[in-house]
Amino acid sequence: MQTLINIIAQGLSLGGVYLIGALGLTIIYGVMGVVNLAHGELIMLGSYVMALTVSTVSFPVAVVLSFVLVAGFGVVLDTVLIRFLYHKPVASMLGTWGLAIVLRQAVILLLGPQLRYVALPIAGSFALGYGALVSWWSMLLFVVAMLIAVAIGLILVRTRFGLKMRAVTANSDAAESIGIATRNINRWTFALGCGLAGVAGALVAPLRTVFPGMGLPYLVGAFLVVILAGLGNVRSTVIWSLLIGLTFSAVAITRDDITATIVVWCAALIVIAFRRTSVVVSRV
Amino acid sequence: MDHDNATRKDFLKAAGAVSLGGALLAACGSSSSGSSSEAPATSAAADTAAASAGGSTDTIKVGLLNALSGVLSITEKSIYDGSMLAIEQVNAAGGVNGRMLEPITEDYASDFTIAVQKAQKLLTEDKVAIVIGGYTSASRVAMIPTFQKNNALFFYGTYYEGLECDPNTFYGGATPNQFLVDYVPWILENLGKSIYIVGSDYLYPRTVSAIVQKLAKDNGGSIVGDQYFPLGTTDFGSVIADIGAKKPDVVFSNLVGDSTPAFYKQFRAAGYTPDKLPIAATVTTEVEVQAMGAENAAGNYMTSTYFQSLDNPANTAYVAAMKAKYGENTVTHMPQVGTYDAVWLFANAAAKIDGDITTEALSAALIGATYDENPEGQPITVLANHHCNHPSYVGKANADGQYDVVATFAPTDADPFPSVIVPENKRPTCPTPFKPQ
Amino acid sequence: MLHFIRRARTADIRVQIAIGVVLVAIAIVAPLVTSSFVIGFFALTFPLAILALSADMMWGEGRLVSFGQGLFFAAGGYIGGLVLIGKQYDVSGSALSFLSEDTQQPLMDRVLQQLHDLAIAGVPIPALILPAMICGVVGLIIGMIVFRVASPEVYFPLVTLGLGVVGGLWFNDLSNVGASNGLGGIPSFTAEMGPQQDPIYNYMFNLAFVIVAFVGWAYFRRSRRGQIWRGAGDDAIRLEALGYSVRRQRVLAFGASAALAAVAGALYAGTSGYMGPSIAGVAFSAEVLIWVAVGGSGRVLGPLIGVLVVRWGQQFLSSNLGLQQSWQLFMGLALILVVVVAPGGLLGIRLEPLRQRLFGRGETKA
């Protein structure tokens, strides 16, 4: 029983981390057809903003700063690079991979390669019964991830901006012809995706290690979710993130992490092998 | 894409190709970093015959091959810093018999295909007397074939798992038998009898784990768990949950790199404090402690041949020199000290050689070479099996992010194939005598 | 051969042939005038060019980006490496093997010994054939699973990404091949030809393979099967309508590209003496793609030019210009530049604007 509770608790928390990573990736692809391989580095930038500011401002303010600064940086990136890559999957993969290299090295050069420390704002853990313990922070990660997903969903469905986003996703030429400024939608969606990555980085920083190379595992995890959930579909992303998190935890707790990684990937490949449709699903 | 009469374009492209080829050739012809153009070599054997190394008569070239960018640079950059300090100090003290050391720095960017190339460059083009560097065992194993082919020596300064005895390599770091053999019984006596082992997934932690398991069983302890995590893992929820279920007395950590601070933080966040469940580690150096925050490390244990807090004159001078050169926040740690010592040992060995520093002469001179100002607290000497002697300590992390020494063990000679884990029929002759190719 | 050149109607192909001939000439002449470092450098780089070619086999014509070439490269290196070692070293030379009392792996030893001895002119041929066979078959099997999906342009890269991740983990734990330390001390293919300090033997050996691989690929592209393969990439629907099975083309191509990557890996292992699990990972496979992108995907010489420019560029920036810590930054910027400014790579740089200004011609096909 204790094992089961642990599996669920850890699984949801892990799923939350995957979710935050995958959401940014999936929205950006859905709206502008860009596969953003620099997503992990954007998360890293969010962590760095947190690491550098948390000693001077309060934690929530640092989170907001992460969102704002990385989103702002996203606007710059879009102007300088991303807009040349719209709707070109392969070019965007390579271009953003180059961007990832540049961001990583720039941080190493400007801030140094050493590991950085961020204190845990809410320490401690609570008991879930049957001897199972989980830390407050990992539960918080899960809750925040779900809130972000819900917020995205609401934005997409209930706001005008979201409506425009969906229009552009469905058919950007048609959207342009009915007067939607696709240029702006693309830019602000990219900024939103970056901002989300920034927040993700800020939130995982206290429980993990902040250093220039921290981004790649998040990217790989996000890709795993996206392979299964399809690109551009928020609801599916949420479901699959949690499923993957739970599966991974189940195998990791009962066996070990390495087996879990192999099992999860093999399972993913098998699931897809039995799906005859392409992975690209652009519905919200 | 089909243009039948794009003659001008054709011409420009062909011209471009030819000039590219010409430029490549020109670049190939001239050499890099100071030494003059290579004479055309009809047989490359002439270049790499067991001939003298080093640059002009004024300097001795030393190759420093480290990962200064990429994942490994987190730790390896500070290792490089240590070797540069040593070179400065050697030169300040008058060099080697009046000849200054000239460091040639190369970055293999955490990519072993580049490491092989750079090693080759240092040996065939720069003709360095020795290459010092590397950090992970994989980096060392990747580079060794190049050293063997080119008849050259490599000084590896980081502690590692042993089980190797390469004639072209000298090992400045400790082998497991030099600290584990005393550490495990100490743990069983002072922290508890049941151990849960966690480690990163590569050879060093697996070897250490095998040794720990054998030592524990021989000394009345028991192992309740043995888990490995791919390098770069930063989520430990599952194993922490399992630790909660298995209830060991102590967690033995062989986690490395960015996994370490993540684990300690998450472990603490899950409610485990060192008085309830201490962590005893082998790779949680001052670098990782700085990254996890002193409060997450405090109260946990670590074994090492070196701590920044060691109170001896050599170390006080060393730490002061590192801070003066690299900043107040500089952290000194075990692999860095090993590499620093390697440079000094090389310098002291080279000083004993009359004439050219050939590989044979250097290899012979290194055996028995010593360096007295070893920050570890005792002179370091190179043994016949190419490894060095080291003291070892147990440290307990304090609230300042440093380790207080709580136990000191008698120094042991390095044995890469300790009988405690290697069966008699598997022990090779070590050292294997140096044979020119 | 002449027939082939005469059939090369487009200026592009003619130019590439010209470049190719020039490069081969340089390659053959170069060892007489350059240092052994340069010879050794290119000896190591030639197998990488073949690896890049294997990636472009999927990408250039088939429009499918593979992140798994590093995996096949590493597998080929391991298999080839074991056969190459078969005779001179204890096969189970991995460190972990010291921890157990087992001394016998007689079957493995004997098999490898036999394979090693099947040498032609001193070159252990099975060390090249076995990797190709095994990885080719694995590639076919994976292809059969993966290409069930109708439009795999985005799906295929992601799956190969997963393969890279899992493969890397698996090799990392496989003690027969040295586990995380990797397989070291691999003797060269040309060990019987001359003293191994001299890189010229490996250089010539690998050069021969590079020439065969690229000429073979050029030939294949013009052949009927090659045209069909290009059809699968350009317009799969139309190809299906013509009665060809797009799925089969893709599966065969992936098997072939896996086999070629494996051969490249075996060559590399023999030349460098080492193969390790980190090379199987995603980061290295991504680098391979960068080489192809820089050189120009879809063109015969693209992978070759890309590898030469990028690897030499890395070497030059880091060693010669002393930019030890910032050279990666420049590589990243170069990649971005190539993608944005010259999406066809170096070989695809078009002088259209210049030409139009000079000759005032109308719109030409991209």
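Mentor: Glu328(B) is exposed at 60% relative accessibility (over 50% is exposed, under 20% buried, in between partly exposed, with a 1.4 Å probe and protein chains only). Its salt-bridge partner is Lys323(B), at 3.9 Å from N to O, and Lys323(B) is partly exposed at 24%. A salt bridge here is a side-chain nitrogen of Lys or Arg within 4 Å of a carboxyl oxygen of Asp or Glu. Also in chain B, bridges with shared partners tie Glu106(B), Lys118(B), Lys121(B) and Asp126(B) into one network.

Keep in mind that this is a predicted model, where local features need pLDDT of at least 70, side-chain atom pairs count only at pLDDT 80 or more, and totals for chains, interfaces and linings use all residues. Residues are numbered from 1 along each chain as its sequence is written, chains are lettered from A and ligands numbered from 1 in the order written, and side-chain values use heavy atoms, leaving out hydrogens and water.

Next, look at Lys214(B), which bridges to Asp218(B) at 3.6 Å, N to O. These two sit about one helical turn apart because they are four residues apart in helix H7 (residues 203–218) of chain B. Helices are DSSP runs of H or I with at least four residues, strands are E runs with at least two, and both are numbered from the N terminus. Lys214(B) is partly exposed, at 38%.

Over all chains there are 14 salt bridges. In chain A, Asp78(A) pairs with Arg183(A), with their closest N and O atoms 3.6 Å apart. That one links distant parts of the chain: Asp78(A) is in helix H3 (residues 59–80) and Arg183(A) in helix H8 (residues 182–204), 105 residues apart. Asp78(A) is buried, at 0%, whereas Arg183(A) is partly exposed, at 31%.

Now cross to the partner. Contact (heavy atoms within 4.5 Å) involves 37 residues of chain B and 33 of chain A. The rule finds one salt bridge across this interface, and Asp235(B) and Arg208(A) form a bridge with closest N and O atoms 2.3 Å apart. On the chain B side, the elements giving two or more residues include strand S7 (222–229), helix H8 (237–246) and helix H9 (259–269). H8(B) gives the most, with six residues.
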